[in-house]
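Morning, everyone. Please bring up the model on your screens.

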Amino acid sequence: MKLAGPRAAAYFAKPDPTHSGLLIYGADAMRVALRRQEVVKAIVGETGEEEMRFTRISAADLRKEPALVLDGLKSQGFFPGPRAVLVEDAGDGLAPTLETALSEWQTGDAMLIVTAGQLNARSKLRKVFESTQTTVAIGIYNDPPSKEEISATLTKAGLTNISGEAMTDLQNLGRELDPGDFTQTMEKLSLYKYGDDTAVSSDDVEICAPATSDAGIDDVIHIIAEAKSGEVGPVLKRLFGQGINPTTLCISATRHFRILHAAASHADGPDVALSRARPPVFGARKDRMVRQARNWGSPKLEKALDVLMETDLSLRSSRPLPDAALVERAFIRLAMMARGRN
């Protein structure tokens, strides 16, 4: 049979012990691997591999020796408990072998778990697992984790007190990060809040979110957006000394000011606009950018974008211009504009 949505998520967390097989397929290998890891743990527990209750078979090995999968399903280990056999990276060519093995499955045998890449609706492998009530096929798609999935993951980690704002931030973060990074962020958040009974806040999410390589660049952009013209020179000197390209700084500043312009021009106000921004803006950084958008206003931000566009064109021209000096001049000019001086 085929499962999807909440039923699929529930099955990964608690697979039916009376079922003989499970097929997990999808284009994103990381998403498939995470679900495979979850279901294997649910079947054999933390010590299943150490106790030899878990057998891993590659598709290449199975093609050479088809009897491996049936031997794995039937073999008994020294330790009691549920067993599982994993066949990785299977394709339609292995459908007959797996179908034969499943046809000989009996109560007490290991559960067969098969992972595969993207499979279309006519796939022979999908048909094997979708055609009976004792086998399950679940497709994994590139959808961001739902609020329910995030809540379930946090609950497993012992976090049940989540503020509404923090949950929104986590949902936004889930849309931007790949599954592995998002899972690590959730684990980091659970460790960060260990022994702390207060609600998870936006600031907690921001602290635990992956650090970006643009942290130093953000420093100078916030400086110019907050009219601190006297600090522009020293910070730029440090960034140039680190090898940051002037063009990279100009592009990053342009991106920041475009977000501010969209926020300042939004009908529902900058707070709502930044909540819907991509990538997500949350926590203290969001509060900071809301203040910047309100202080600048839409007309002045349009002038700032004109300055940045002019600087970008100069940086890309064939004329022998001092790139670092051009960017420093533009940034100081922007910082002065923020104080009402053009």
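First, a term. Two strands count as paired if DSSP finds at least two bridges between them. With that in hand, take Leu22: its bridge partner in β5 is Ile113. One caution before we go on: this is a predicted model.

Now the other side of Ile113. Leu86 stands opposite Ile113 in β5. How does the chain get from β4 to β5? It crosses through helix α5, residues 95-103. That β-α-β crossover is right-handed.

Let's look at the pairings themselves. Strand β2, residues 21-25, pairs with β5, residues 111-116, in the parallel sense. There are five bridges between β2 and β5. Tyr25 belongs to this picture as well, with Ala116 as its bridge partner in β5. β4 and β5 also pair in the parallel sense, again over five bridges.

Zoom out to the whole sheet. Six strands make it up, and the sheet is open. Read across, the order is β1-β6-β2-β5-β4-β3, with parallel pairing. Which strands stand at the edges? β1, residues 2-3, and β3, residues 54-58. Each has a single partner strand, so one side of each is left without a neighbour in the sheet. As a reminder, strands of a sheet pair through backbone hydrogen bonds, either parallel or antiparallel.

Back to β5. Is it covered or open? Mostly covered: six of its six residues are buried. Met111, Ile113 and Thr115 point one way from the strand. Leu112, Val114 and Ala116 point the other way, and both sets are buried.

What lies across this part of the sheet? Helix α2, residues 29-44, lies across β2, β3, β4 and β5. It runs at about 175° to β5.

Now the backbone angles. Asp89 has a positive phi, near 60°, and Asp89 is not a glycine. Where is Asp89? In strand β4. Buried or exposed? Asp89 is exposed, at a relative accessible area of 63%.

The second case is Ala227. Its phi is positive too, about 65°, and again the residue is not a glycine. Ala227 sits in the loop between α11, residues 215-225, and α12, residues 229-241. Buried means under 20% relative accessible area. Ala227 comes in at 17%, so Ala227 counts as buried.

Terms used. Residues numbered from 1 in each chain as written. Predicted model: local features only at pLDDT ≥ 70, side-chain atom pairs only at ≥ 80, totals over all residues. Heavy atoms only, no water. Helix = DSSP H or I, 4+ residues; strand = E, 2+ residues; numbered from the N terminus. Contact = heavy atoms within 4.5 Å. Axes fitted to C-alpha atoms, helices over the stretch in contact; angles between N-to-C directions. Buried < 20%, exposed > 50% of the residue type's maximum accessible area, 1.4 Å probe, protein only. Right-handed = clockwise from strand over helix to strand, strands pointing away.
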